[in-house]
Amino acid sequence: MEGIGGRYFEDVNEAPVVRSRPSRLGVPGVAGYALDPGNAERLWELAGAIVR
């Protein structure tokens with residue numbers, strides 16, 4: 001998996017991107033916002049501020 005980042009896997013496969021919120025739990029996939037680099041950067045900044 002070297003060099004592969006920013007992907008979500010489930011059941012030994014890359015998870016499909018889900019464009020709308022499922023109506024029940026356990027539906028496979030990853031929300032598009034979870035793959036957004038800007039969201040990831042903001043999360044790291046927030047996490048860093050919390051632990052300081």
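Me: What is the volume of the largest pocket, and which residues line the largest pocket?

Reply: In this predicted model, the largest pocket has a volume of about 220 Å³, and its lining includes Val18, Arg19, Ser20 and Arg21, along with Val30, Ala31, Gly32 and Tyr33. The lining residues divide into seven nonpolar, three polar and two charged.

Me: Why is Arg19 called exposed?

Reply: Arg19 has a relative accessible area of 74%, and exposed means over 50%, so Arg19 counts as exposed. Arg19 is found in the loop between β3 (17-18) and β4 (30-31), and is also one of the residues that line the largest pocket.

Me: What makes the contact between Arg7 and Glu14 a salt bridge?

Reply: The side chains of Arg7 and Glu14 meet at 3.9 Å, N to O, and a salt bridge asks for a side-chain nitrogen of Lys or Arg within 4 Å of a carboxyl oxygen of Asp or Glu, so the pair qualifies. The structure holds one salt bridge.

Me: Why are Arg7 and Glu14 called partly exposed?

Reply: Arg7 has 45% relative accessibility and Glu14 has a relative accessible area of 45%; buried means under 20% and exposed over 50%, so both residues fall in between and count as partly exposed.

Me: How do you know that the reach of helix α1 is close to the expected one?

Reply: Helix α1 (residues 37-51) has 15 residues and reaches 21 Å from its first C-alpha to its last, against the 21 Å expected at 1.5 Å a residue.

Me: What makes Asp36 a cap of α1?

Reply: A side-chain oxygen of Asp36 lies 2.9 Å from the backbone nitrogen of Gly38, and a polar contact needs N or O atoms within 3.5 Å, so Asp36 caps the N-terminal end of α1.

Notes:
Residues numbered from 1 in each chain as written. Predicted model: local features only at pLDDT ≥ 70, side-chain atom pairs only at ≥ 80, totals over all residues. Heavy atoms only, no water. Helix = DSSP H or I, 4+ residues; strand = E, 2+ residues; numbered from the N terminus. Buried < 20%, exposed > 50% of the residue type's maximum accessible area, 1.4 Å probe, protein only. 1 Å grid on protein atoms, 1.4 Å probe; cavity = no way out; pocket = protein on both sides within 12 Å on 5 of 7 lines; lining within 4 Å. Points joined across faces, edges and corners; volume = space filled by probe spheres on them. Nonpolar A, V, L, I, M, F, W, Y, C, P; charged D, E, K, R; others polar. Expected span 1.5 Å × (residues − 1). Polar contact = N/O pair within 3.5 Å; in protein donor to acceptor, adjacent residues only side chain to side chain.
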